[in-house]
Amino acid sequence: MANMKITLKKSLAGRLEKHIATAHALGLKKINDVTVQPDNACTRGKIAKIGYLLEVVEEA
């Protein structure tokens, strides 16, 4: 299964509570935090919700 490398590129300060909770669910708390997540529907849904804060790189 493929993985996705997700980096938080913008601050969570002043964002909606749900968006902050989504970032924390991905394991992202501070700018430039990086996490590797499986490429599945759940992860893609989270990225769709807060994609404007993230940089996503798909890994093989």
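A crossing of two helices is left-handed if the near helix is turned anticlockwise from the far one by less than a right angle. In this predicted model, helix α1 passes helix α2 in a left-handed crossing. The contact is made by K18, H19, T22, A23 and A25 on the α1 side, and by K46, K49 and I50 on the α2 side.

The two helices pack at an angle of about 140°, and their axes lie 10 Å apart. That angle makes α1 oblique to α2, because only angles over 145 degrees count as roughly antiparallel.

**The two helices**

Helix α1 spans residues 17-25, and its buried residues are H19, T22 and A23. These residues cover an arc of only 100° around the axis, which puts them on the same side of α1. On the other side of α1, E17 and K18 are exposed. What covers the buried residues of α1 includes α2. After α1 comes G27, which has a positive phi, near 90°.

Helix α2 runs over residues 41-50, with T43, I47 and I50 buried. Their arc around the axis is only 80°, which puts them on the same side of α2. An α-helix has 3.6 residues a turn, so residues three or four places apart point the same way. The face of α2 turned away from its buried side carries A41 and A48, both exposed. Among the elements that cover the buried residues of α2 are β1, α1, β2 (34-38) and β3 (54-59). At the start of α2, N40 places a side-chain oxygen within 3.2 Å of the backbone nitrogen of C42.

| α1 | H19, T22, A23 | 100° |

T7 belongs to strand β1, residues 3-8. T7 has a relative accessible area of 8% and is therefore buried, since the limit for a buried residue is under 20%. Not counting residues up to four places away in sequence, T7 touches N32, D33, V34, L53, L54 and E55. T7 and L26 stand 19 residues apart in sequence, with a C-alpha to C-alpha separation of 9.9 Å in space.

Q37 sits in strand β2. Its relative accessibility is 17%, so Q37 also counts as buried. The side chain of Q37 is joined to that of T35 by a polar contact of 3.0 Å. Leaving aside neighbours within four places in sequence, Q37 is in contact with N3, M4, I6, L26 and T43.

Technical notes. Residues numbered from 1 in each chain as written. Predicted model: local features only at pLDDT ≥ 70, side-chain atom pairs only at ≥ 80, totals over all residues. Heavy atoms only, no water. Helix = DSSP H or I, 4+ residues; strand = E, 2+ residues; numbered from the N terminus. Buried < 20%, exposed > 50% of the residue type's maximum accessible area, 1.4 Å probe, protein only. Contact = heavy atoms within 4.5 Å. Arc of directions from axis to C-beta. Polar contact = N/O pair within 3.5 Å; in protein donor to acceptor, adjacent residues only side chain to side chain. Axes fitted to C-alpha atoms, helices over the stretch in contact; angles between N-to-C directions. Parallel < 35°, antiparallel > 145°, perpendicular 65-115°, else oblique.
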